Amino acid sequence: MKKVIGVSTQALYNKSLTLALHKISQLKIDFIEIVNEGYHTLNRHNYKVHMNFLEEAKLKNIIHAPFSDVNIGSLNEKVRRISLELLFETFEIAHEMGSALVVIHPGHHSPLSSRFPKAYEKVQKRSLEEISKISQKIGITVALENMPSYPILDGQTPERIKELIDGTEILVTFDIGHLNTVNAQFDKFIELLEDRIIYTHLSDNHGANDSHLALGEGNIPWKTLLTQLKDIPMSLEVKTFEDILKSLEFLNKMTRGV
């Protein structure tokens, strides 16, 4: 079975979005994931140019919503509102671009929310419920991504992701590299969230940190995982363009017969 494979623009984060899309479009892939921040920010003034390019290249797109300096779990209501507005603007642009889905991060802890965990839980849940409501109104699919091991980050375990999306229409982006830094409980993640996993991020590491290595350069059991997730679209989220090429070659060999 042919897998649906994409590439994230993250590997070319220091280049313009125009250059990144052009370079990635030369590869034999099915879609491009645009990380909507920095040099790759999409807005009302530039999205049509990039949309037209992708249409001419016959490539679909997925958009990763902004996450730097964004916190939907902030106890500062002004920060929370601005964070949500950035996401909602992304949803609208994604809808215009015919994006398959938008990837979002959960909120994260701060010195203040660490002192008031109950308030943080209410705010985080309220934000996710609002995101679910607005995304449905706009007509775009949203998928919450699990986070790597890091003290302030929320949504690291499958149990926590399940808890966060409970009662919403939000689906799940399974970041395999992230989970490898937490507990490597891949089977449990798939078992608990199988009906909500719509998308996967692929990168490798050795478990100690989220190093975004090329596939095959860490200790993740790719053969097993690729078999288990055979019907789920997958995107390479590695550090360099050279790592994209290595990873595509790795996937090519690994998925033969899967």
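I started with strand 5 (residues 142-145), which is joined to strand 6 by 3 bridges, the two running parallel. I found Val-172 in strand 6 as the bridge partner of Leu-144. Strands pair if DSSP finds at least two bridges between them.

This is a predicted model, where local features need pLDDT of at least 70, side-chain atom pairs count only at pLDDT 80 or more, and totals for chains, interfaces and linings use all residues. Residues are numbered from 1 along each chain as its sequence is written, and side-chain values use heavy atoms, with hydrogens and water left out.

I see 8 strands closing in the order 1-2-3-4-5-6-7-8, with parallel pairing. The twist averages 30° from one strand to the next.

Helix 3 (residues 77-96) lies across strand 3 (60-64), strand 4 (102-104) and strand 5, at about 165° to strand 4. Angles run from 0 to 180 degrees between N-to-C directions, with axes fitted to C-alpha atoms, for helices over the stretch in contact. Contact means heavy atoms within 4.5 Å.

On to helix 8 (residues 186-193). I noted Phe-186, Phe-189, Ile-190 and Leu-193 as buried (under 20% relative accessible area, 1.4 Å probe, protein chains only). Down the axis, these buried residues fall within an arc of 95°, so they line one face of helix 8. The arc is taken from the directions from the helix axis to the C-beta atoms. The buried residues pack against helix 6 (158-165) and strand 6 (171-175), among others.

Last, I looked at helix 5 (residues 117-138) and helix 6. They pack at about 65°, with axes 9 Å apart.

Key:
Buried < 20%, exposed > 50% of the residue type's maximum accessible area, 1.4 Å probe, protein only. Helix = DSSP H or I, 4+ residues; strand = E, 2+ residues; numbered from the N terminus.
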